[in-house]
Amino acid sequence: MSTVATRELTMADALNEALREEMQRDPTIFVIGEDIARHGGLFRVTAGLLDEFGPRRVIDSPISEAAITGAGVGGALIGCRPVVELQISDFVSLAMDQLVNHGAKWRYMSGGQVSVPLVVRGPISNGIGMAAQHSQTLEAWFVHAPGLVVIMPSTAADAKGLLKSAIRDDNPVVFLEKRLLYSRKGEVPDGEHLVPIGVADVKREGRDVTIVAAGASVQLSLQAARQLAREGVEVEVVDPRTLKPLDIDAIAESVARTGRLVVVNEGARAGGFASEVVARTLDHVPLSEFKATPERVTAKDTPIPYATPLEREVLPSLEGVVSAVTRVMQG
Amino acid sequence: MTSVETGASVALTQLYLAMARIRAFEAKAMDLFAEKYIRGSVHPYTGEEAVAVGVCAALRPEDYITSTHRGHGHCIAKGLELRPMMAEITGRATGYCRGRGGSMHITAMRHGMLGADAIVAGSLAMAAGAAYGLQLQGKDAVVVAFFGDGGAQQGIFHEAANLAAVLDAPVIFVCENNQWAISTPISCAIRIENIADRAAGYGFPGEVVDGNDVLAVRDVAARAVERARRGEGPTLIEAKTYRITPHSAATPTDNRAPDELSYWRERDPIVRFGRELVEAGHASPERLEELDRQAGEEVEDAAEWALASPYPDAAAAEEDVYAPADWLTPGRLA
């Protein structure tokens, strides 16, 4: 039984605490992004940092996603630990060259002379009618880029502990936050709270089916698990928390036990992270141990539409997760 | 060594030697490409030597530069050693980047070389951020970002220049206007006479300089560097120059008019500076020949050393994708 005292925080407040604590301990950290200083960030993640750390370390930038990302890479090369906020994570398409062609590769191309301790963070803003240019879930893009670390937390405690680890890591990290989770409260341990990169967390134990889900898909999967439990199906929800590196041992251990795998992911289906999890699991769990063909519950292969019934149709749903689990239970 | 050289003469002849080194290095690199010791391509800096050498003459060892696909000249001007440079572009384990980068991606942190970037204008925001980060850490080092006239039409140029301006970052953007983007003349790319004029749009000085005049380049760069060190922010320098060899070893076709080429060959920055040194009594013609010979010998030595060096062990291909971390265990990444 844990004796660590906790407080209830929203995910936004937990992220804010992580930034504040890390900036207090390391003067080389600067935070740069659009509306992050005076306004404290559109979603309040950087609220109050300007007052505490001043305008040299908390920078309201021009609307220049490529330049602020590139400046983050450059700052990292000479010994700073920049944290770049993308106001909406979709805007990363403007910064992909700086992130992937520069940040992710500079260490390798230099033969290991440099490291790039950079965090690029921003919200995934789907599910609220923001339409196709503000609602993408793009983790597969980053997982596909050698050199990047990709993190997608599902709880306030994980968000805080992982952001602190991301800032301390010597590699470029893409940190994806779900906008709908910013206001969700959760228990966060008091004091120094670090969550290690590359370690999954079993969010619910169960003997029948393994669901692998990260970020907002964890909440959806837990909801499905509660519903299925009433029908006597015990679902285990494994949250990898970091998508690259991936704790494949934890996933494989669970699947080897249940023999059934469902991956829930809000990204588009083709070339998506769900497909990657299925393939990677097959590398580690013999086909003979599967009692059913693995299922993927993903967004459909469309841009994210605006109108409520359309967006609901495209994104993974509770019914979609429940029926996928039901299918694997039927073998 | 002539005994009449004064301190000033020594400094000037060193500039000549640096330019001669670049010229000899590129000629050798082209030969090694033809002999298939170099993969991919080589983008020779031939004809533009006065820009890199002039700018780097205004820098301290602790200052940084970023470079381009046409980057050998910047490296040599910043003081990189020829042996590991040649080893890098011939793909050897003894290269600056252990054979990972090649001709277009030489990084040498111990010489203040943040890296050569083969994405046109790609390094400008990195340079601005590095400059800002140095200032934030209380250092008075500056960063020079070299790029070409083609790069001035990239979006990142505008974003980086503007961001550097609002951050007062100690960065100097050096646009080497060699007037051609492979086969496209600058007249097809921009509708203004001087790229330096764009600096006004970002709120910092822009200066045009004769990029084939090494001392003029040095003086303009020195003013920009001092301004940056004083915390007064960026400068855009446009050095008008010309590459007198084709775009690259892999694309030898040259559609430029012979008249234009001969016009610029007559304005060769090395020949011109040599003539000035002789006329001003800083060096004899024999001394310049000696420096040319020295440059050639250094380059030959570097090539011999490189070609005698081992290739990287294939097993090293997966090293250094990530910096050391607790989570870096096999099987976790792919």
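Which residues of α8(A) are buried? I will start there, and note that this is a predicted model. The buried ones are A:A216, A:S217, A:V218, A:L220, A:S221, A:A224, A:A225 and A:L228.

The helix itself covers residues 216-229 of chain A, 14 residues in total. From its first C-alpha to its last, α8(A) reaches 20 Å, close to the 20 Å expected at 1.5 Å a residue. What do its buried residues pack against? Among the strands of chain A there are β7 (173-178), β9 (201-204), β10 (209-213), β11 (235-239) and β13 (261-268). Helix α12 (318-329) of chain A is a partner as well.

Next, the domains. Chain A is assigned a domain 1, residues 7-189, and a domain 2, residues 201-329. Their C-alpha centres lie 26 Å apart. In the contact between the two, domain 1 of chain A puts in 26 residues and domain 2 of chain A puts in 25. On the domain 1 side, α6 (139-143), β6 (149-151), α7 (156-168) and β7 of chain A each give two or more residues. That side of domain 1 divides into 16 nonpolar, seven polar and three charged residues.

Last, the two chains. Here 42 residues of chain B are in contact with 45 residues of chain A. On the chain B side, β2 (113-117), α5 (124-136) and α6 (155-167) each supply at least two residues. Which element of chain B gives the most to that side? It is α5(B), with ten residues. By type, the chain B side has 24 nonpolar, eleven polar and seven charged residues.

Note on methods
Residues are numbered from 1 along each chain as its sequence is written. Chains are lettered from A and ligands numbered from 1 in the order in which they are written. This is a predicted model: local features need pLDDT of at least 70, side-chain atom pairs count only at pLDDT 80 or more; totals for chains, interfaces and linings use all residues. Helices (H or I, at least four residues) and strands (E, at least two) are DSSP runs, numbered from the N terminus. The expected span of a helix is 1.5 Å times one less than its number of residues. A residue is buried if 20 or more other C-beta atoms lie within 10 Å of its own, exposed if 12 or fewer, and partly exposed in between; C-beta atoms are placed from the backbone. Two residues are in contact if their C-beta atoms, placed from the backbone, lie within 7 Å. Ala, Val, Leu, Ile, Met, Phe, Trp, Tyr, Cys and Pro count as nonpolar, Asp, Glu, Lys and Arg as charged, and the others, Gly among them, as polar. Domain bounds come from an automatic or database domain assignment.
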